[in-house]
Amino acid sequence: MPKVRGAVDINKERCKGCDLCVVACPCDVLSLQPKEVNDRGYHFAFTVEPDKCIGCAACATVCPDGCITVYRAVEK
Amino acid sequence: MTIEEIKQNGTVVACKPRLLNDNNMHYCPGCSHGVVHRILAEIIDEMHLDDNIIGVAPVGCAVFAYNYIDIDWIEAAHGRAPAVATAAHRLNPDRVVFTYQGDGDLAAIGTAEAIHAANRGENITIIFINNGIYGMTGGQMAPTTLEGMKTSTTPYGRRVDLNGYPLKISDLFAQLDGTCYVTRQSVHTPAAVRKAKKAIAQAFRNSIEKRGTSVIEIVSTCNSGWKMSAAQSNKWMEENMFPHYPMGDLKNTVK
């Protein structure tokens, strides 16, 4: 059965670390950086478990700053 | 399939809209304004309106909206966006004109302009961000502040005997003959964002077809003003704002 796989790219300099994508993600792919910050001092989001992504784009739909690019591919 | 292969061979299902430019938004982390800006940029791009639309920015948190979406904007005096939009649309009848206002701008100082523009049935779209507080000036009480809600000017909660009742201004708009579409939406979950996007697209179509004024109220969060995290304020909004400001269409004459 073909499996839908996804991948997310986060523009870490634009991210403000609001946590909304982390809450919206149904597969717990995203998390906020616990220590590292970007140039503006925010704990930006990153993919903690990238292999779990299904490409549903829920994170990008709720992102207030448009930092997230979502790719989707079907694995044969 | 590795993550790199998915990025190279897969389709892009979501990205930053073309019309949202690279300026970092000044909004607080998690502010609903950012989401509404993003969906506006997406809709304008999808409807190919980018050369044919005029936005009127308010005074309030969204005062710098013209820095973020790459379309024509006018900055109006406080509360006067519907009056400016009236002129912009009457002088450019082939353009789609929308105002983007907060609750301080539309429901407090600009009530007269907004009500009369809607009552004249001007073919404009009013996008109204209702977060129940004056966000830009430091979290003071707005007309839409809920009963018992703590703000910096009502530190013991809003009292109706002293401060009056929360104003449901969209219900007033729905009573007017000039409005064709009045709806209340929210942008706190992916499903709500998609519904709000459809509502704004419908409002722009109403403007193109010259059916009258469309009002989109977006019940939003102000996590800095409410003194919560973004996720907490979304939950607080669901529990407290939605019972007073129920979601859905208040008026839709376009079937």
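This is a predicted model: local features need pLDDT of at least 70, side-chain atom pairs count only at pLDDT 80 or more; totals for chains, interfaces and linings use all residues.
Biologist: Which other strand pairs with E5(B), and in which sense?

Modeller: Strand E4 of chain B, residues 96-102, pairs with E5(B), residues 124-130, in the parallel sense over 6 bridges. Gln101(B) has Phe128(B) as its bridge partner in E5(B), and Thr99(B) is placed opposite Ile126(B).

Biologist: Where do these strands stand in the sheet?

Modeller: They belong to an open sheet of 7 strands in chain B, in the order E3-E2-E4-E5-E7-E6-E8, with mixed pairing.

Biologist: Why are E3 and E8 of chain B called edge strands?

Modeller: E3(B), residues 72-75, and E8(B), residues 248-252, each pair on one side only. From one strand to the next, the twist of this sheet averages 15°. Helix H8 of chain B, residues 190-208, packs on the sheet and touches E4, E5, E6 and E7 of chain B. The direction of H8(B) makes about 165° with that of E6(B).

Biologist: How do you know whether E5(B) is covered or open?

Modeller: The count for E5(B) is 7 buried residues out of 7, and the strand is mostly covered. Both of its faces are covered. Ile124(B), Ile126(B), Phe128(B) and Asn130(B) are buried on one side, and Thr125(B), Ile127(B) and Ile129(B) are buried on the other.

Biologist: Why is Val215(B) called buried?

Modeller: A residue is buried if 20 or more other C-beta atoms lie within 10 Å of its own. Val215(B) has 28 C-beta neighbours inside 10 Å, and therefore it counts as buried. Val215(B) is found in strand E7 of chain B. Apart from residues up to four places away in sequence, it touches Ala118(B), Ile126(B), Phe128(B), Ser170(B), Phe173(B), Thr179(B) and Val182(B).

Biologist: How do you know that H2(B) has a span close to the expected one?

Modeller: The expected span is 1.5 Å times one less than the number of residues. H2(B), residues 32-46, has 15 residues, for which 21 Å is expected, and it reaches 21 Å from its first C-alpha to its last. Of these 15 residues, 13 are buried, and the helix is mostly covered. Just after H2(B), His48(B) takes a positive phi of about 55°.

Biologist: What describes the packing of H3(B) and H5(B)?

Modeller: Two packed helices are described by the angle between their axes and the distance between the axes. For H3(B), residues 81-91, and H5(B), residues 111-119, the angle is about 40° and the axes are 7 Å apart. Pro82(B), Ala83(B) and Thr86(B) in H3(B) meet Glu113(B), Ala114(B) and Ala117(B) in H5(B). This contact has 4 nonpolar, 1 polar and 1 charged residues.

Biologist: How many residues does each chain give to the contact between chain A and chain B?

Modeller: Chain A gives 30 residues and chain B gives 29. On the side of chain A, E4(A) supplies the largest share, with 7 residues. By class, that side has 16 nonpolar, 6 polar and 8 charged residues.

Biologist: What makes E4(A) and E1(B) a pair of strands?

Modeller: The requirement is at least two bridges. E4(A) and E1(B), residues 11-14, are joined by 3 bridges and run antiparallel, so they qualify as a pair. Arg72(A) stands opposite Thr11(B), and Val70(A) has Ala14(B) as its bridge partner. An open, antiparallel sheet of 3 strands has the order E1(A)-E4(A)-E1(B). Its edge strands are E1(A) and E1(B), each pairing on one side only.

Biologist: Which residues touch the most other members of the largest nonpolar core?

Modeller: This core has 96 residues, and those touching the most other members are Cys21(A), Cys59(A), Val62(A), Ile68(A), Ile200(B) and Ile218(B). Leaving aside neighbours within four places in sequence, Cys59(A) is in contact with Val8(A), Cys21(A), Ala24(A), Cys25(A), Leu30(A) and Ile68(A).

Terms used
Residues are numbered from 1 along each chain as its sequence is written. Chains are lettered from A and ligands numbered from 1 in the order in which they are written. Two residues are in contact if their C-beta atoms, placed from the backbone, lie within 7 Å. Helices (H or I, at least four residues) and strands (E, at least two) are DSSP runs, numbered from the N terminus. Ala, Val, Leu, Ile, Met, Phe, Trp, Tyr, Cys and Pro count as nonpolar, Asp, Glu, Lys and Arg as charged, and the others, Gly among them, as polar. Axes are lines fitted to C-alpha atoms, for helices over the stretch in contact, and angles run from 0 to 180 degrees between N-to-C directions. A nonpolar core is a set of buried Ala, Val, Leu, Ile, Met, Phe, Trp, Tyr and Cys residues joined through C-beta atoms within 7 Å. A residue is buried if 20 or more other C-beta atoms lie within 10 Å of its own, exposed if 12 or fewer, and partly exposed in between; C-beta atoms are placed from the backbone.
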